[in-house]
Amino acid sequence: MKITMSPSTMLNPVPVVMVSCAGQDASKEYMRPNIITVAWAGTVNSEPPMVSVSIRKSRHSHSLITQTQEFVINLVTEDLAKACDYCGVRSGANEDKFNEMNLHPIEAPGLKYAPQIQESPVSISCKLRDIVELGSHDMFLAEVVAVSVDDKYIDDKGKICLEHAKLITYSHGEYYGLGKLLGFFGYSVASKKALARRMPKKNSNKSKKSNK
Ligand SMILES: Cc1cc2nc3c(=O)[nH]c(=O)nc-3n(C[C@H](O)[C@H](O)[C@H](O)COP(=O)(O)O)c2cc1C
């Protein structure tokens with residue numbers, strides 16, 4: 001039996017990302033870069049590649065992104081989980097979160113103001129297309145103008161090997177590492193040859209033992 005509950009944001013799991021941004025103050029002075037943790041983020045189009053992040057008006061980052069029309073989505077690893085949480089509970093209006101978390105802002109390709117986070121394995125440079133006011137949150141719809149990937153996750157054939165990056169996800173208020181590989185796109189209809197090539201052998205330890 002399933003119990004019907006009142007409507008809520010129950011979609012799970014979701015990505016959790018660190019969005020970096022920057023801005024200028026009233027006298028056009030360059031303001032320190034900032035990081036906001038965002039769980040309401042998603043891919044919304046392939047060509048051109050587009051993403052969305054939904055941010056409350058009250059966030060310091062909301063005004064920075066509105067000003068500069070740019071932001072960077074930085075993917076989060078297990079090593080960055082604590083910094084990610086911190087950037088989601090402290091405001092850049094009061095402190096320098098890059099400094100506090102010992103993270104480094106570096107130039108993001110394709111953007112003028114928003115930096116990327118050096119320590120993130122994948123940083124996605126985004127230029128704002130539209131702001132959609134939804135209620136509690138404003139959805140920032142943006143086009144991806146560049147993607148920066150740590151070269152330690154690119155193999156000698158140029159393939160991006162994110163399976164080694166230990167990315168995290170967010171489910172019902174908690175952070176999780178990714179579990180074991182269950183399949184790949186189209187594996188339900190893949191040939192035996194493709195399955196043998198792309199899926200790790202099941203129970204390989206057991207079968208080794210039983211051969212002895
Ligand atoms: C896991 C997690 C997910 C969050 N997701 C969002 C989100 O999607 N949108 C949002 O406006 N705030 C979200 N927040 C809250 C902001 O990150 C938080 O208010 C932050 O302190 C804002 O920083 P700022 O004032 O420097 O912009 C989230 C916080 C956490 C911990």
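In the predicted model, Val19 is in contact, once its neighbours within four places in sequence are set aside, with Ile35, Ile36, Val38, Val53, Ser61, Phe71, Val72 and Ile73. Val19 is also one of the residues with the most contacts inside the largest nonpolar core, a set of 36 residues in which Val17, Met18, Phe71, Val72, Ile73 and Val76 are likewise among the most connected. Strand S2, which spans residues 17-24, gives the most to this core, with five residues. In soluble globular proteins, nonpolar side chains tend to be buried together. Over the chain as a whole, 26% of the 212 residues count as buried.

One of the contacts of Val19, Ser61, is also listed with His60, Gly88, Ser91 and Gly92 among the closest of the 22 residues that surround the ligand. At least two residues of this shell are supplied by each of three elements, namely strand S3 (30-38), strand S5 (50-56) and helix H1 (60-68), and the greatest contribution, four residues, comes from S3. By residue class, the shell around the ligand is made up of nine nonpolar, nine polar and four charged residues.

When residues up to four places away in sequence are not counted, Glu119 touches Leu80, Leu103 and His104. Between the C-alpha atoms of Glu119 and Val72, which are 47 residues apart along the chain, the separation is 13 Å; Val72 itself belongs to the residues with the most contacts inside the largest nonpolar core.

Val132, by contrast, is located in strand S9 and counts as exposed, because there are 11 C-beta neighbours inside 10 Å, where a count of 12 or fewer defines exposure. Beyond its neighbours within four places in sequence, Val132 is in contact with Asp138, Met139 and Leu141. The C-alpha atoms of Val132 and Ser54 are separated by 9.0 Å, although these residues are 78 apart along the chain.

Strands of a sheet pair through backbone hydrogen bonds, either parallel or antiparallel. In the present model, an open sheet of three strands is arranged in the order S1-S11-S12, and the pairing is antiparallel. Strand S1 (14-15) and strand S12 (174-177) form the edges of this sheet, each of them pairing on one side only. The antiparallel pairing of S1 with strand S11, residues 168-171, extends over two bridges, and within the sheet Pro15 stands opposite Thr169 of S11.

At the level of the whole chain, five helices and 12 strands are present, and the C-alpha atoms fill a box of roughly 75 × 50 × 35 Å along the principal axes. Of the contacts between residues at least 6 apart in sequence, 61% join residues that are at least 24 apart. The domain assignment divides the chain into domain 1, covering 14-177, and domain 2, covering 184-212, and the centres of domain 1 and domain 2, taken over C-alpha atoms, are separated by 36 Å.

Notes. Residues numbered from 1 in each chain as written. Predicted model: local features only at pLDDT ≥ 70, side-chain atom pairs only at ≥ 80, totals over all residues. Near = placed C-beta within 6 Å. Nonpolar A, V, L, I, M, F, W, Y, C, P; charged D, E, K, R; others polar. Pairing = 2+ DSSP bridges. Domains from an automatic or database assignment. Contact = placed C-beta atoms within 7 Å. Core = buried A, V, L, I, M, F, W, Y, C linked by C-beta atoms within 7 Å. Buried ≥ 20, exposed ≤ 12 C-beta atoms within 10 Å, placed from the backbone.
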